[in-house]
Amino acid sequence: MSEHPRDTPQFYLTAPSPCPYLPGREERKVFTHLVGERAGALNDVLTQGGFRRSQSIAYRPACEGCRACVSVRICVDDFVESRSFKRVRADNADLIGAMKPPTPTSEQYALFRSYVTARHGSGGMADMSVLDYAMMVEDTHVETRLVEYRKAGPDSRILGRGVGDLMAVALTDVLSDGLSMVYSFYNPNVAHRSLGTFLILDHISRAREMSLPYVYLGYWVQGSKKMDYKRRFLPQERLSPQGWERVEA
């Protein structure tokens with residue numbers, strides 16, 4: 001009887017459950033654990049192969065008869081902001097993001113609760129406790145950062161951090177070839193700022209400064225309105241059975 005090396009990933013398949021994106025469909029996922037010294041390298045390879053990370057789990061849809069979930073990554077070097085993206089930049093010119101270790105705080109959780117209640121009140125995160133939130137942030141064996149966004153103060157450009165109330169947070173993995181936006185949330189009462197779009201634009205700038213070619217956005221799901229925004233960030237690459245394919249429009 002052969003034994004698998006302890007650092008060889010083992011993959012598992014979930015039972016069917018209701019699809020969160022397309023009504024009337026079921027989803028299944030294949031997943032593995034991201035633990036140990038090789039977790040970072042494994043996360044790199046799996047993300048490039050269409051997986052996403054949630055805490056110490058890497059998962060990918062494995063739905064029978066459905067391939068609607070498509071991994072998307074933005075081509076940082078060739079990205080050019082449209083007029084509407086420039087307006088979003090201008091509307092948030094008073095914000096500054098500070099990249100920090102993945103350490104949860106009560107202030108983050110309060111903002112998270114406000115966001116989830118307003119935007120995803122009936123979703124799977126609606127019942128997350130402060131301990132659940134803490135696990136989401138700090139249960140990671142890969143290079144993970146939190147970016148906290150606040151209004152800029154007189155010394156913010158020097159100190160690299162803002163002042164006042166927390167406006168938005170992005171939980172982000174740093175990969176060998178890009179930034180992977182694991183989860184983000186923001187103040188739901190300032191819709192005019194389009195903070196969700198701004199966070200992506202800011203990550204494109206950060207990736208460019210770090211000489212990283214991609215920003216990974218997770219899955220675009222054709223037919224799902226809440227995922228349709230990902231199509232706007234062009235050029236991008238989408239993962240097909242033949243590999244990553246570039247999309248210009």
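In this talk, a residue is called buried when its relative accessible area is under 20%, exposed when that area is over 50%, and partly exposed in between, with a 1.4 Å probe and protein chains only. By that rule asparagine 92 is buried, because its relative accessible area is 1%.

Before I continue, a word on the model itself. The model is predicted, so local features need pLDDT of at least 70 and side-chain atom pairs count only at pLDDT 80 or more, while totals for chains, interfaces and linings use all residues. Residues are numbered from 1 along each chain as its sequence is written, and side-chain values use heavy atoms, with hydrogens and water left out.

Let us stay with asparagine 92. Where does asparagine 92 lie? Its place is the loop between α2 (83-91) and β8 (95-100); helices (H or I, at least four residues) and strands (E, at least two) are DSSP runs, numbered from the N terminus. A polar atom of the asparagine 92 side chain lies 2.9 Å from the backbone oxygen of valine 88. This is a polar contact, defined as a pair of N or O atoms within 3.5 Å; within protein, one must be able to donate a hydrogen and the other to accept it, and residues adjacent in sequence count only if both atoms are side-chain atoms. If residues up to four places away in sequence are not counted, asparagine 92 touches Arg193, Leu195 and Phe198, where contact means heavy atoms within 4.5 Å.

Leaving aside neighbours within four places in sequence, threonine 14 is in contact with Arg28, Lys29 and Phe31. From threonine 14 to glutamate 27 the C-alpha to C-alpha distance is 8.8 Å, and the two are 13 residues apart in sequence.

I turn now to the aromatic rings. A pair of aromatic rings is described by the distance of the centres and the angle of the planes. Rings of Phe, Tyr and Trp (its six-membered ring) pair if their centres lie within 6.5 Å; planes under 30 degrees apart count as stacked, over 60 as edge-to-face and the rest as tilted. The structure holds 16 such aromatic pairs. Why is the pair of phenylalanine 79 and phenylalanine 85 called tilted? The ring centres are 5.9 Å apart and the planes stand at 40°, so the pair is tilted. Phenylalanine 79 is buried, at a relative accessible area of 7%, and phenylalanine 85 is buried at 2%. Tyrosine 214 and tyrosine 216, by contrast, form an edge-to-face pair, with 6.2 Å centre to centre and 65° between the planes. Both tyrosine 214 and tyrosine 216 are buried. One aromatic cluster is made up of Tyr109, Phe112, Tyr133, Tyr183 and Phe185.

Tyrosine 214 also meets a charge. The charged end of arginine 73 sits over the tyrosine 214 ring, 3.8 Å from its centre, and over the ring of tryptophan 244, 4.0 Å from its centre. The rule here is that NZ of Lys or CZ of Arg is within 6 Å of the ring centre and within 35 degrees of the ring normal.

Next come the salt bridges. A salt bridge is a side-chain nitrogen of Lys or Arg within 4 Å of a carboxyl oxygen of Asp or Glu, and by this rule the count comes to 14. Arginine 53 and aspartate 173 form one, at 2.7 Å from N to O. This pair links distant parts of the chain, from strand β5 (residues 52-54) to strand β10 (residues 163-174), 120 residues apart. Both arginine 53 and aspartate 173 are buried. Glutamate 107 pairs with arginine 150, and their closest N and O atoms are 2.9 Å apart. Here glutamate 107 is partly exposed at 33%, whereas arginine 150 is buried at 13%. Salt bridges that share partners join Lys100, Glu107, Glu148 and Arg150 into one network.

Finally, the cysteines. How many disulfides does a search of the whole structure find? The search finds 0, a disulfide being a pair of cysteine sulfur atoms within 2.5 Å. The sulfur of cysteine 63 has its closest cysteine sulfur in cysteine 66, at 5.6 Å, which is too far for a bond. Cysteine 63 is buried at 12%, and cysteine 66 is buried at 19%.
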